[in-house]
Amino acid sequence: MKQILSLALLLLFFTGCSTTTYTKKIIHGEIQDKEIVIAARDGSFKLQGEFSAPFQSAIHYHSLNIGGEKFIKGYIRALDFGAKHVLVKVPSQEKELYGVLALEDADERGIGPGTLSYKIIIPEPYIKAANNGKISVVYEYYRIKDDALFDNSNIKKYSWILWLSDEDIFK
């Protein structure tokens, strides 16, 4: 009985440690192409060029827990954790694209420029991939530095994610 109690306490200790995430806010950002405009569908913000983050989401997606189709449909979860419905005006398209934008806070163990500011880049192939009701996903990630217990070198966390489509499918 004593061994079971000890094992339960040990399990509780390690479970508690592994789920604790400390984050810091990312305050500034920039959309690389000054002609691209990302605006909230509710009119609460408009991003163009350099910007101050108008909101912070808390999805905490990383490369080990999301990929493929799950990542493409990830906007559903993102909306539950503070992402916003947006309209995206790009120079190569006559009409605005629909989207969901997540501006994440950064894991304090993160390394790289994505932990300090958002650098939003929307390459033309991703814009074209958002046609005919398809979803295209662009993002920036950073890496997690190793700690004494785990090798985190293969973990990538997202600082921002933008889901795009030419049709209003993000309801």
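This is a predicted model: local features need pLDDT of at least 70, side-chain atom pairs count only at pLDDT 80 or more; totals for chains, interfaces and linings use all residues.
Let me start with Arg77, which lies over the face of Phe81, 4.6 Å from the ring centre; a charge counts as sitting over a ring if NZ of Lys or CZ of Arg is within 6 Å of the ring centre and within 35 degrees of the ring normal. Lys156 likewise lies over the face of Tyr141, at 4.7 Å from the ring centre.

Residues are numbered from 1 along each chain as its sequence is written, and side-chain values use heavy atoms, with hydrogens and water left out.

Now to the ring pairs. A search of the whole structure finds 8 aromatic pairs, where rings of Phe, Tyr and Trp (its six-membered ring) pair if their centres lie within 6.5 Å, and planes under 30 degrees apart count as stacked, over 60 as edge-to-face and the rest as tilted. For Tyr75 and Phe170 the centres are 4.8 Å apart and the planes stand at 85°, so this pair is edge-to-face. The pair links distant parts of the chain, 95 residues apart, with Tyr75 in helix 3 (residues 75–80) and Phe170 in the segment after strand 12 (156–165); helices (H or I, at least four residues) and strands (E, at least two) are DSSP runs, numbered from the N terminus. Both Tyr75 and Phe170 are buried, meaning under 20% relative accessible area with a 1.4 Å probe, protein chains only. Elsewhere, ring pairs link Phe71, Tyr139, Tyr141, Tyr158 and Trp163 into a cluster.

Turning to the strands, strand 3 (residues 37–40) and strand 6 (residues 84–89) run antiparallel and are joined by 4 bridges, two strands being paired if DSSP finds at least two bridges between them. Ile38 has Val88 of strand 6 as its bridge partner. Strand 6 also pairs with strand 7 (residues 97–103) in the antiparallel sense, over 5 bridges, and there His85 has Val100 as its bridge partner.

Finally, which residue does the side chain of Asp107 contact? The side chain of Asp107, a residue of strand 8 (residues 106–107), makes a polar contact with the side chain of Lys157 at 3.4 Å, a polar contact being a pair of N or O atoms within 3.5 Å, where, within protein, one must be able to donate a hydrogen and the other to accept it, and residues adjacent in sequence count only if both atoms are side-chain atoms. Asp107 counts as buried because its relative accessibility is 2%.

How values were computed: Buried means under 20% relative accessible area, exposed over 50%, partly exposed in between (1.4 Å probe, protein chains only).
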